[in-house]
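Please find below a short note for a colleague who is meeting this structure for the first time.

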Amino acid sequence: MFAAIFVWRAMGSLTSLFVNLIIALFLALAMEPMIVWLVRHGWKRGGATAVVLFGLLAAAIAVMALFGQIFVEQAGELIRTLPSTYESVATWIEGRFNVEVPEMADLQAQLIQDWGNEVASRALAIGTSVLSAVFAFTTIMLVSYYLAAAGPKFRASICGWLSPKNQNEVLKLWEITQTKISDYINSRVVLAAMSSLATGVFLTIIQIPYALPLALFTGVVSQFVPTIGTYIGGALPIVFALTTDGPKKAILVLAFIIAYQQVENLWFSPKVSARALQMNPAVSFIVVLGFGAVFGALGAFLSLPIAATIQAVATTYMRRHELVDSHMLRDPGSDKALRDDDDAEATDAP
C-alpha cells in the first residue's frame, strides 16, 4: 500500500516530465525519415541528426523573427489608434442604442486599479513560467537528439531484453508508429499549404499589403499549433488589415478565416487526414475532440497519429472474418449493378 501511494504521488510529480518525453519521442520519430535519407548519402548519424534538428530549429526561429516583427509593429499601431477607435465606436453605440458608454480614461483607471496591486505576483509568475518553458525546451531538444542519434542502437538496446519473436513484434510496432507519425506530419504540411494558398489569394483580392508572408504565417500556425492555432494564425492578418485599411477589411478577413475554418474542419482536414492516416473522416474528427478534451492541447496534437497507430496495430494483429451476404452491407444501387453484371454473365455464357 505504501509503495502504491509513493508511485502514485511520484507519477503526479513527474507529469510534466512525461509530457516532455512524449514530445521528444514524437519529434525523434518525425525526424527519422530525414535522418535516414542523409545517412544513405554518406552522413554520420550523429551529424545528420544535428543538422536536421538544428535546421528545424533555425527554420522555426526564422519564421518567428520574420512574422514576430510584423506582429509587434502592427500591434503597437493598433494600441496607438485604440483610443480614437474606441471613441468612434462609443459615439456610434450611444447614437444608435441611446446608452451611455464609459469614457476611455475611466476604463484605464479601473484597469490600473484592478491589476496594479497584482503586478509583482504576476511578474514573478511570468518569470517562473519562462524558466519552466526554457527548462522544458532544453529537455525536449536533448532527449530528442539522443534518441534520434542513437537510432538503431537504441532499438537494439530495447530488443536485447526480448526474445527473437518479441523483437520482431516490437520492431514491427516501432515501424508502424514511425510511418503513421510521418504521414501525420505530411498531412499537416498539405493542410498548411492549402490554407496558405487560400488565404494568400483572398488577401491579394482585397488588396492587403504583405499578403504572402501573412498567408504563410496563417497557414503554418493554424496547422502546427493545436487547438488555438487558428486564432493565433488569423490574428496577425486581422490586426494588419485593421491598422492599415480600417475595420471594414478587418471584418472581411475575419469572416474569411471563420468560413475557411469551417470548410477545412468539415471537408479538407477529414479527407486529408483520412487519406494520410487511413482513418474514417468522422473518426478523425471525434478522436481529435476526445483526446483534446481529456489530455488538452498535447492530446489534440498527438491524437491522430496515436489513433492511427492503434488502428494499424489492430489491423495487423486482429483477425478479420469474411462478410456475410446482406443488403445492409451494400447500397441499393450496388445491388442493381450486381444483378446487371450477373445477367450479363448469364447471357454471355454458352
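**Note on aromatic contacts and helices**

1. Phe202, Phe256, Tyr260, Trp267 and Phe268 are linked into a cluster by ring pairs, where rings of Phe, Tyr and Trp (its six-membered ring) pair if their centres lie within 6.5 Å. This is a predicted model, in which local features need pLDDT of at least 70 and side-chain atom pairs count only at pLDDT 80 or more, while totals for chains, interfaces and linings use all residues. Residues are numbered from 1 along each chain as its sequence is written, and side-chain values use heavy atoms, with hydrogens and water left out.

2. The structure holds six aromatic pairs. For Tyr260 and Phe268 the ring centres are 6.0 Å apart and the planes stand at 55°, so the pair is tilted (planes under 30 degrees apart count as stacked, over 60 as edge-to-face and the rest as tilted). Tyr260 and Phe268 are both buried, that is, under 20% relative accessible area with a 1.4 Å probe, protein chains only.

3. Helix H7 (residues 164-205) packs with helix H8 (residues 211-224) at an angle of about 145°, their axes being 7 Å apart, and the crossing is right-handed.

4. Helix H1 (residues 2-13) has 12 residues and reaches 17 Å from its first C-alpha to its last, close to the 16 Å expected at 1.5 Å a residue.

Notes. Axes fitted to C-alpha atoms, helices over the stretch in contact; angles between N-to-C directions. Helix = DSSP H or I, 4+ residues; strand = E, 2+ residues; numbered from the N terminus. Left-handed = near helix turned anticlockwise from the far one by under 90°. Buried < 20%, exposed > 50% of the residue type's maximum accessible area, 1.4 Å probe, protein only. Expected span 1.5 Å × (residues − 1).
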